[in-house]
Amino acid sequence: MAEFTLKRRKTKTLKINIDDKSYFIPLSGSMKPKEVAKLDTVEATLDFMKKYIPEEVLDELTQDEYNDIVRAWGEASKEESGLKPGE
């Protein structure tokens with residue numbers, strides 16, 4: 001009989017620096033599949049970001065600044081896992 005033992009991995013994150021604070025957002029490869037699958041709308045992605053960056057901080061960002069964060073997270077997740085979020 002074949003056997004496989006899963007070795008748990010450390011959560012990999014992207015460190016986001018905003019002004020004098022740092023925030024850590026888990027990369028998609030360190031998230032549960034059902035969490036990643038939900039990130040298919042602007043609203044769902046914003047709700048996800050609010051878990052790791054306080055809403056009052058997000059509210060002060062411009063759309064371009066917010067897009068930069070989402071893009072950096074997506075690129076870091078893709079680089080780490082080789083997959084795009086949602087795949």
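Which residue forms a salt bridge with K50? In this predicted model, the partner of K50 is E55, and the closest N and O atoms of the two are 3.5 Å apart. E55 is partly exposed, its relative accessible area being 41%. K50 is likewise classed as partly exposed, with a relative accessible area of 31%.

This salt bridge belongs to a total of three in the structure. Another is formed by E80 and K12, whose closest N and O atoms are 2.6 Å apart. Because E80 lies in helix α4 and K12 in the segment before β1, this pair ties together parts that are 68 residues apart in sequence. E80 has a relative accessibility of 44% and therefore counts as partly exposed; K12, at 36%, also counts as partly exposed. A further salt bridge joins R71 and D68, with 3.1 Å between the closest N and O atoms. R71 and D68 are three residues apart in helix α4, so about one helical turn separates them. The relative accessible area is 46% for R71, which is partly exposed, and 44% for D68, which is partly exposed.

Helix α4 also contributes to the aromatic contacts. Two aromatic pairs were counted. In one of them, the ring centres of F48 and W73 are 5.4 Å apart and the planes stand at 55 degrees, so the pair is tilted. F48 is located in helix α2 (residues 42–50) and W73 in helix α4 (residues 63–81); the pair therefore ties together parts that are 25 residues apart in sequence. F48 has a relative accessible area of 5%, and since buried means under 20%, F48 is buried. W73 counts as buried at a relative accessibility of 5%. Together with Y52, F48 and W73 form one aromatic cluster.

Charged residues also gather in patches on the surface. A patch of positive charge is made up of R8, K32, K34, K38 and K51. Of these residues, K38 is found in the loop between α1 (33–37) and α2. K38 has a relative accessible area of 56%; because exposed means over 50%, K38 is exposed. A patch of negative charge on the surface consists of D19, D20, D64 and E65. D19 is placed in the loop between β1 (13–18) and β2 (21–26). With a relative accessible area of 80%, D19 is exposed.

How values were computed. Residues numbered from 1 in each chain as written. Predicted model: local features only at pLDDT ≥ 70, side-chain atom pairs only at ≥ 80, totals over all residues. Heavy atoms only, no water. Patch = residues over 30% accessible without salt bridge, like charges linked within 9 Å, V, L, I, M, F, W, Y side chains within 5 Å. Areas by Shrake-Rupley, 256 points an atom, 1.4 Å probe, with all protein chains shown as cover. Salt bridge = Lys/Arg side-chain N within 4 Å of Asp/Glu carboxyl O. Lys, Arg positive; Asp, Glu negative; His and termini not counted. Charge placed at Lys NZ, Arg CZ, Asp CG, Glu CD. Helix = DSSP H or I, 4+ residues; strand = E, 2+ residues; numbered from the N terminus. Buried < 20%, exposed > 50% of the residue type's maximum accessible area, 1.4 Å probe, protein only. Phe/Tyr/Trp six-rings, centres within 6.5 Å; stacked < 30°, edge-to-face > 60°.
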